[in-house]
Amino acid sequence: LFKAVPQAPADAIFSILAKYNVDKYYNKTNLTVGAYRDDNGKPWVLPSVKKATEILISNPEANHEYLPMGGLQTFVTAAVKLLLGEDSIAIKEGRAVGVQALSGTGALRLGAEFLKKFYKRTVYISDPTWANHRSIMTDAGLQIASYPYWNAQEKCLDFEGIINTMKEAPNGSIFLLHACAHNPTGVDPNPAQWMKIAEVMKEKDHFPFFDCAYQGFASGDLDKDAYAVRLFVDMGFELICSQSFAKNLGLYGQRTGCITLVTSKKEYSLRCQTQLAKISRAIVSNAPRFGAEIANIVLNTPELTEEWYDNLKTMSSRIIEMRKQLHQYLVELKTPGSWDHIVDQIGMFSYTGLNVKQCRALMSKFHIYLTENGRISMAGLNSKNVKAFAEAIDYVVRN
Ligand code: PMP
C-alpha cells in the first residue's frame, strides 16, 4: 500500500517558511506568518486571555472531562451573539444555532460536510482565496468553482467580476464569502458593494457560506467587522458562518471556533444543530476544551470582555500603523507606481502587487520572505524593519 503513495505537493506558505528558518542572516524578515506579532516581532498573549487562563487553572473544580456533544454551550452561545450582535432578530427568534468547532478550519469543514449531505451544490470560492478553502471544500466532496476577486491592474476589488459571476452561476449555488479582512488580498467590499452582492445573491437564490476569521482583529471594532454577516441576516438570508478565535483571541494553537447556522425557522435550526453535532461527533468526537474555556471566560466576564476590546484595538491599530508607515516611506522614496492600496486594505494581509520576480529578489537579496503572489503579513512588520522593507521594495521595483 504505502509504496504507491506519492509525495503530497508542498504547501506554498510552509515551504517559504522553511527557507526562512534555514537562512542564517542576522537581520532576516518573515512576512509569511499568519499570526500577530508585537513591535518586537514576538507572539503576543493577550492580557485578557492571560487573566482568563489564570482564572481557569486556579479553579479547583476545573477538570479535563469531555465537553458535551456540540461543545461548551456557554461559549457557543457567546460566540453566536458576538457574530450576530446582541439584538439580532435571528437570535431572538431562536433561528441562530452554533456548534463548537476546531477553530475556523474545523468550522469550515463541518459546514462543508453539512452542505455535502443536505445541499450538494457547487461552492464558488474567491480567486484568490486562502489556499485551504479549496482543499477543505474538495476534501469534503463538494464541487468548486471560482469567482474573480482581485483587479490586478487597479489593485482593488474586482466588483464587476464578482457580480457577473454571481449572475451567471446556476441559481442556488453556494458562495463562500470572507466576512472581513479578505485573505490574501486585504480588500473587502464596501457597505454599498456588500448590499449589491446581497441583492444579486437574493435574486439568484444563492446560499452564503461566510468565513469569519478576523472579527475585531481587522478594524478593532467587532460590530463593524461583522457588518456583512449581519446585513445578510437582516435581509432574511439563511446562511452558515464559520468563526475562528485564532486571531482575535490569539488562541491559534488551541483550535477554538464555532459554526453558526441561521435558518428561517427555529425548528429547522434545532434540527440542523443536531446534524452538525452528529457530523462533528464522527470527525473529532469531542471539541477541544481548554481554548473554549478560556474564550468562555473572556466572553462572559464583563471586565475581561472590556479588556479584550482594548487588546483588539492594540493589535488592529499596530497593523494599521504599519500600513501607514510603509505607505509613507514608499511615497517619500517616490517608488514607481501607486501604493494607496496598502492603506486602503485591511487586516493581517496585504496584496502588494509585487510580481514573482520582485518577490524572489526580496528573498534572495534582502532576506525578506513572502509568498510569491506578493502577499505580505502586515504583522511581520514593525517599527524596526518597516523602513528597510520599503527601501527593499523600492530597489526591486526599480531594478
Ligand atoms: N479562514 C481564513 C480566511 C483564514 O485566513 C484562516 C487562518 N489563516 C482561517 C480561515 C482558519 O484559521 P484557523 O483554523 O486557525 O482558525
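Where is the place of K202? The points below begin with the basis of the model and then come to that residue.

1. This is a predicted model, in which local features need pLDDT of at least 70 and side-chain atom pairs count only at pLDDT 80 or more, while totals for chains, interfaces and linings use all residues. Residues are numbered from 1 along each chain as its sequence is written. The protein chain averages a pLDDT of 97, and 100% of the residues score at least 70, pLDDT being the predictor's confidence in each residue, from 0 to 100. The scores for the model are ipTM 0.99 and pTM 0.97.

2. K202 has its place in helix 8 (residues 191-204), where helices (H or I, at least four residues) and strands (E, at least two) are DSSP runs numbered from the N terminus. With 14 other C-beta atoms within 10 Å, K202 is partly exposed; a residue is buried if 20 or more other C-beta atoms lie within 10 Å of its own, exposed if 12 or fewer, and partly exposed in between, with C-beta atoms placed from the backbone. Between the C-alpha atoms of K202 and G172, which are 30 residues apart along the chain, the separation is 9.4 Å.

3. G250, by contrast, is buried, with 21 other C-beta atoms within 10 Å, and lies in the loop that runs between strand 9 (239-244) and strand 10 (256-262). From G250 to L312 the C-alpha distance is 9.9 Å, although 62 residues part them in sequence.

4. Around the ligand there are 13 residues, of which S103, G104, T105, A213 and S244 come nearest; a residue counts as near if its C-beta atom, placed from the backbone, lies within 6 Å of the molecule. Helix 5 (residues 103-118) gives the largest share of this shell, three residues. By class, the shell holds four nonpolar, eight polar and one charged residues, with Ala, Val, Leu, Ile, Met, Phe, Trp, Tyr, Cys and Pro counted as nonpolar, Asp, Glu, Lys and Arg as charged, and the others, Gly among them, as polar.

5. The largest nonpolar core has 111 residues, and those with the most contacts inside it are L83, A179, V229, I259, A295 and V298; such a core is a set of buried Ala, Val, Leu, Ile, Met, Phe, Trp, Tyr and Cys residues joined through C-beta atoms within 7 Å. Helix 13 (residues 302-332) supplies the largest share of this core, eight residues. Because domain 1 (10-45 + 317-398) and domain 2 (66-300) both give residues to this core, the core lies between them.

Methods. Domain bounds come from an automatic or database domain assignment.
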